[in-house]
Amino acid sequence: MTALARLHKSPGTILQALRFVFGSRGYVLLSVLSFGVLLAFYLMVLPATETGGAVGLVALPFLTTQDVILALIMSGLLALTLPLGIYAWRSGAGGGLAGSASGSIAALIAPLLCCSPILPLAITAVAGILPAAGAAATPLQGFIATHELEFYLAAIALMSWGLYGNAKRVLYCDCRAAE
């Protein structure tokens with residue numbers, strides 16, 4: 001029985017896929033580097049609520065324990081998902097990188113919508129066509145800011161689902177050389 005056949009029959013889809021993919025140093029390096037970049041990114045984006053929408057180094061003094069924990073979780077999930085997604089894509093498993101990116105996009109929505117100018121600009125563009133839509137910006141931003149943690153938890157759930165999906169694609173691909 002080949003190593004790949006044993007992986008198909010074993011429980012622990014995510015752990016098995018990680019062991020399989022991280023057998024290559026290149027994927028380990030990709031994961032470590034992406035974790036560092038993503039962690040720095042999330043640490044600068046997550047405090048947007050406290051900074052009035054300012055994103056960048058100016059946000060670091062406003063970090064809370066919750067922000068750091070969320071940044072570590074989301075960075076870790078994406079740093080594991082990215083190599084699995086690339087491996088699966090390179091080995092012809094389908095699903096593409098778009099499926100891998102959906103969780104990361106969801107994780108950016110809450111801090112950027114609640115306190116940055118993105119939502120008011122989008123609603124202003126719509127209000128140019130439908131004038132009554134302009135009044136929706138403030139209540140919508142307030143709702144997002146009030147339920148920010150729930151949005152983050154939903155994003156973490158999507159990221160976890162993406163990690164699981166990529167792990168399944170790695171284990172059940174046609175597995176031609178992806179290194």
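At what angle do helix α2 (residues 13-21) and α4 pack, and how far apart are their axes? The angle is about 70 degrees and the axes are 10 Å apart. The model is predicted: local features need pLDDT of at least 70, side-chain atom pairs count only at pLDDT 80 or more, and totals for chains, interfaces and linings use all residues. Residues are numbered from 1 along each chain as its sequence is written, and side-chain values use heavy atoms, with hydrogens and water left out.

**View 1. Overview of the chain, which has eight helices and zero strands.** Helices (H or I, at least four residues) and strands (E, at least two) are DSSP runs, numbered from the N terminus. Starting at that end, the order of elements is α-α-α-α-α-α-α-α. Of the 179 residues in the chain, 38% are buried (under 20% relative accessible area; over 50% is exposed and in between is partly exposed; 1.4 Å probe, protein chains only). Among contacts (heavy atoms within 4.5 Å) with a separation of 6 or more, 74% join residues 24 or more positions apart. The chain has an accessible surface of about 9,400 Å², and carbon and sulfur atoms hold 73% of that surface (Shrake-Rupley method, 1.4 Å probe; for residues, only the protein chains shown count as cover).

**View 2. Helix α4, residues 65-90.** The 26 residues of α4 should span 38 Å at 1.5 Å a residue, and the end C-alpha atoms are 38 Å apart, so the two values agree. The expected span is 1.5 Å times one less than the number of residues. Gly92 follows α4 and has a positive phi, near 80 degrees.

**View 3. Packing of α2 against α4.** Axes are lines fitted to C-alpha atoms, for helices over the stretch in contact, and angles run from 0 to 180 degrees between N-to-C directions. With the angle at about 70 degrees, α2 and α4 are roughly perpendicular to each other (65 to 115 degrees; under 35 is roughly parallel, over 145 roughly antiparallel and the rest oblique). Their crossing is left-handed, a term for a near helix turned anticlockwise from the far one by less than a right angle; clockwise is right-handed. On the α2 side, Ala17, Leu18, Phe20 and Val21 meet Leu80, Pro83, Leu84 and Tyr87 of α4.

**View 4. Packing of α4 against α8, residues 148-171.** The axes of α4 and α8 come within 9 Å and cross at roughly 25 degrees. The two helices are therefore roughly parallel. The crossing of α4 and α8 is left-handed. Residues of α4 in the contact include Gln66, Leu70, Ile73, Met74 and Tyr87, and those of α8 include Leu149, Tyr152, Ile156, Met159 and Ala167.

**View 5. Tyr87 in helix α4.** Tyr87 is buried, with a relative accessible area of 5%. The C-alpha atoms of Tyr87 and Ala167 are 9.7 Å apart, and the two residues lie 80 residues apart along the chain. Tyr87 is one of the α4 residues that meet α2, and Tyr87 also takes part in the contact with α8.

**View 6. Val55 and Thr64 in the loop between α3 and α4.** Helix α3 covers 25-45. Val55 is partly exposed at 42% relative accessibility, and Thr64 is partly exposed at 33%. The C-alpha atom of Val55 is separated by 9.7 Å from that of Tyr42, 13 residues apart along the chain. For Thr64 and Leu46, 18 residues apart, the C-alpha separation is 9.3 Å.
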